[in-house]
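Student: I would like to learn how the terms for a protein structure are decided. Please show me one, and let me ask about each term as we go.

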Amino acid sequence: MTTEPIPEQTYLPPALRPRLAKLGIEHLRDFLLHFPLRYEDQTQVRPIAELVAGESVVVEGVVEHSETQFRPRRQFVALLRATDDDGGNNFAPRLTLRYFNFYPNIVQALKPGAHVRVFGEVRDGRYGLEMVHPVFKKEAAEAAGQGRLTPVYPATAGVPQAALRTLAGKARKVREWQADLLPPAVTVAQRLPTWQVALQVLHEPPPDASVAALESRSHPAWRRVKFDELLAQQLALRDAKALRAGETAPPIVGTGLISTLLRQRLPFRLTAPQERALAEAMADLARPAPMTRLLQGDVGSGKTIVAALAALAAVEAGYQVAFMAPTELLAEQHFNKLSHWLADLPVRITWLTGSLPAAELKAAQSACTRGETHIAIGTHALFQKKVSFARLGLVVVDEQHRFGVEQRLALRSRGQRDSERALAPHTLMMSATPIPRSLAMSYYADLDVSIIDELPGGRQPITTRLVNEVRRAEVTRRIREAVQQGAQAYWVCPLIDESERLAAQDIELQNATALHAELVAAMPGTRIALLHGRMKADEKAAIMADFAANRTQVLVATTVIEVGVDVPNASWMVIEHAERFGLAQLHQLRGRVGRGSVASTCILLFADKLSDTAKQRLKVIYETTDGFTIAREDLRIRGPGELLGPRQSGLPSLRYANVEEDLDLVEAARNAATQLESDPTFNKAAFLDRWIKSRVEFARA
Ligand code: ADP
Ligand code: MG
């Protein structure tokens, strides 16, 4: 045997490489984890009379007629009739076999009168059922190996199943790749098959394997694959966490001098979960390793004050704080809120976003660099190259799920590079997207999480109404009455279709302007403002300020108000075309009301012809206001990939395991990860390499 490393690349036919890349296959090795979607039984021969379009089957018949045709393009066509049909019955069904690439051997094999057995997918052709490029059964049997069940792999245009099977077969021959990297103790405890057996069963199922169990992915072989995938995820997350723990951060212990003054002037007392979350963050800050804490609390649970108090601890200890929000609007609100809370206290706050005039931007940047500002509040502009901090101690990221991993990573490296002693800053992230336990255990396993699971007292529940848009006039009348009695309302413009995205901002503007004009006409005497994404930051801020001060009564807005906006007197919310919004978005939007002491109402206008998922979503949002229930339903309807997105989770999405359905495996993988960390026989690098190394997304993250 040669000791040369196997040149993996060379095994892939160069012509297929770009197409295989679309399937996520870059090396021959990747075929091992490219599992079949389903299996075909090629031992069963189907009579021509019983064929149905869409199925892949073996058919037997007699060639009645065959010829080369030239229109619309050169092709060889053969007409097959049932073997027991003597040709006298013109009405008996026939099957057309069609070849666009053909060689003399095919013409020879399909001569009139020949008995043939072919395998292929049945389609609806112009002249009845047909098969394009069917394979002769002899070849089919070879391609399928000896088994009864032939795997059907996820494919892409231009890569035939036969090629996929051949390549998978080649990959299966490299012994090293099939090695079981898990100690038997782990797999036996989970009653999982060995890796070799799992691969064998999935790629070349034995004749007696249960097709149902294989295709529903509940077969033990599948459980082994999912377990390994989840284990790799757990191990990778632990590595990320360990890496951070190895970094040094300034231990921060606040004196309490300023925060005590802030607490005294607050018109409320912190709830118990707020106090708990704050204490957890404070304990992290005091350690010499960077905090990576996610502060999770439903919309309106009061995360900002917790972050503000943590920020003050850093300021008291002589460090700077960067407070980052995903939109200018939200950053501005934080700026206003903190400025208000900290007025007359010895804390300098700087506002820093990309839209500042050049001179002001420069001044703000140098205030950070020279250590003159204590808390810099802004958008991701805070972490552009030109901004550096003299003594950055804490980074607060609001609505963290809105930021991509890249931004989060940029932000971390920023702190390290800028600080003289190469210290990493502590990070406190906030999110109103409640993470179901299953997701928290998998995707967020590397974060410490504090949960605020109680809304501040005195809040009134929100009533949600589903109203068909044909009853819009009634809604308008109702809002007008409410406004006349002193209430304020948000009126949210319809979301723009993904397909229209190119011109999204224009369409958004048109929609918003049209809606505004319509409402102005329908509600004379009401002060109605318009807020949309195309406006300049200071325009937006002025409009928000007017609304916050009750100088305008109805705010027609695009989803720019989705996150974080806080106007307690606003107690009505109307959402146009609610069926177009996702659950998380509806929940966020609805969370803009119900913040004051009066009861709030959210009206969801919907158009007819709802899709099934839209119906499901509206039902969920109608039935509950609990963020966790909504997130769980969202997960059920959409799957974790979309709920978190690979970019947002910072990890490649899972291909095979489903954190909700396979929760038992998530837990098992988590325990196994702990156990394996201290197992000298376990080759973690090799194991991670199998699952993660070749993954494109991970390389980037
Ligand atoms: P979110 O968690 O959605 O970011 P905010 O921090 O914006 O929520 O808080 C929502 C509102 O509740 C704000 O007006 C805030 O001042 C107020 N608030 C925060 N904590 C409390 C509390 N313990 N009691 C009463 N009101 C509170
Ligand atoms: Mg908030």
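Tutor: Let's start with a rule: two strands pair if DSSP finds at least two bridges between them. Helices (H or I, at least four residues) and strands (E, at least two) are DSSP runs, numbered from the N terminus. This is a predicted model, in which local features need pLDDT of at least 70, side-chain atom pairs count only at pLDDT 80 or more, and totals for chains, interfaces and linings use all residues. Residues are numbered from 1 along each chain as its sequence is written, chains are lettered from A and ligands numbered from 1 in the order in which they are written, and side-chain values use heavy atoms, leaving out hydrogens and water.

Student: What makes strand 10 and strand 16 a pair?

Tutor: Strand 10 (residues 292-297) and strand 16 run parallel and are joined by five bridges; at least two are required, so they pair.

Student: Which sheet has the order 12-13-11-14-15-10-16?

Tutor: That is an open sheet of seven strands with parallel pairing. Strand 12 (349-352) and strand 16 (448-452) are its edge strands, as each pairs on one side only. From one strand to the next, the twist averages 20 degrees.

Student: How do you know that helix 10 packs on this sheet?

Tutor: Contact means heavy atoms within 4.5 Å, and helix 10 (residues 272-285) touches strand 10, strand 14 (392-397), strand 15 (426-431) and strand 16. Its direction makes about 160 degrees with that of strand 16, where axes are lines fitted to C-alpha atoms (for helices over the stretch in contact) and angles run from 0 to 180 degrees between N-to-C directions. Helix 12 packs on the sheet as well, touching strand 11 (320-324), strand 12 and strand 13 (375-378).

Student: What makes the crossing of helix 19 and helix 20 right-handed?

Tutor: A crossing is right-handed if the near helix is turned clockwise from the far one by less than a right angle, and left-handed if anticlockwise. The axes of helix 19 (residues 583-590) and helix 20 (residues 612-623) come within 10 Å and cross at roughly 35 degrees, and helix 19 passes helix 20 in a right-handed crossing. L583, L586, H587 and R590 of helix 19 meet R617, L618, V620 and I621 of helix 20.

Student: How many of these contact residues are nonpolar, polar and charged?

Tutor: Five are nonpolar, one is polar and two are charged. Ala, Val, Leu, Ile, Met, Phe, Trp, Tyr, Cys and Pro count as nonpolar, Asp, Glu, Lys and Arg as charged, and the others, Gly among them, as polar.

Student: Where is R191, and what is its phi?

Tutor: R191 lies in the loop between helix 5 (184-189) and helix 6 (195-203). Its phi is near 55 degrees, a positive value in a residue other than glycine.
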